[in-house]
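This report describes selected features of one protein chain. Please keep the sequence and the structure in view while reading.

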Amino acid sequence: MIGGVHTILYSKNADAVRSFLRDVLGFESVDAGHGWLIFAAPPGELAVHPSEGKGYHELYLMCSDIHGVVEKLGKRGIEFTMPVTDRGWGLLTQIRLPDGEPLGLYE
């Protein structure tokens, strides 16, 4: 019934974030017109966690070797907003996108 999930990142510097996804992370894309890139995302998953207050959404890129990915991206000049932390459900860090916003990365 459902064939996929469309995820949207809103950014004050959308062109820079699109370039980051294409050039740094290597995501393939199609141009929907006027430079509006739509990226093919890797396989994903959807989880629902309990919340004490109002619900909210989070987005994480997933990898199988977070320390290796952090090292590789660090060599490309990518900044991380926090060290790799064990959260019990996985190892987590955050990539600083070109617009300054964080993007979760977990193993």
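## Contacts of phenylalanine 80

Apart from neighbours within four places in sequence, phenylalanine 80 is in contact with Val70, Leu73, Gly74, Thr93, Gln94, Ile95, Arg96 and Leu105. These contacts are read from a predicted model.

## The nonpolar core

Phe80 also belongs to the largest nonpolar core, which has 15 residues. Phe80 is one of the residues with the most contacts inside this core, together with Phe20, Leu61, Leu73, Ile78, Ile95 and Leu105. Two or more core residues are given by each of α1 (14–24), α2 (66–75) and β6 (102–106). The largest share, 4 residues, comes from α1.

## Aromatic pairs

The structure holds 3 aromatic pairs. One of them joins tyrosine 60 and tyrosine 106 edge-to-face, with 5.7 Å centre to centre and 90° between the planes. This pair links distant parts of the chain, since tyrosine 60 lies in strand β3 (residues 60–62) and tyrosine 106 in strand β6, 46 residues apart. Tyrosine 60 counts as partly exposed at 25% relative accessibility, whereas tyrosine 106 is buried at 15%.

Tryptophan 89 and tyrosine 106 form another edge-to-face pair, at 5.3 Å centre to centre and 75° between the planes. Tryptophan 89 lies in the loop between β4 (80–86) and β5 (91–96) and tyrosine 106 in β6, so this pair ties together parts 17 residues apart in sequence. Tryptophan 89 is partly exposed, with a relative accessible area of 44%.

Terms used
Residues are numbered from 1 along each chain as its sequence is written. This is a predicted model: local features need pLDDT of at least 70, side-chain atom pairs count only at pLDDT 80 or more; totals for chains, interfaces and linings use all residues. Side-chain values use heavy atoms; hydrogens and water are left out. A nonpolar core is a set of buried Ala, Val, Leu, Ile, Met, Phe, Trp, Tyr and Cys residues joined through side-chain atoms within 4.5 Å. Buried means under 20% relative accessible area, exposed over 50%, partly exposed in between (1.4 Å probe, protein chains only). Contact means heavy atoms within 4.5 Å. Rings of Phe, Tyr and Trp (its six-membered ring) pair if their centres lie within 6.5 Å; planes under 30 degrees apart count as stacked, over 60 as edge-to-face and the rest as tilted.
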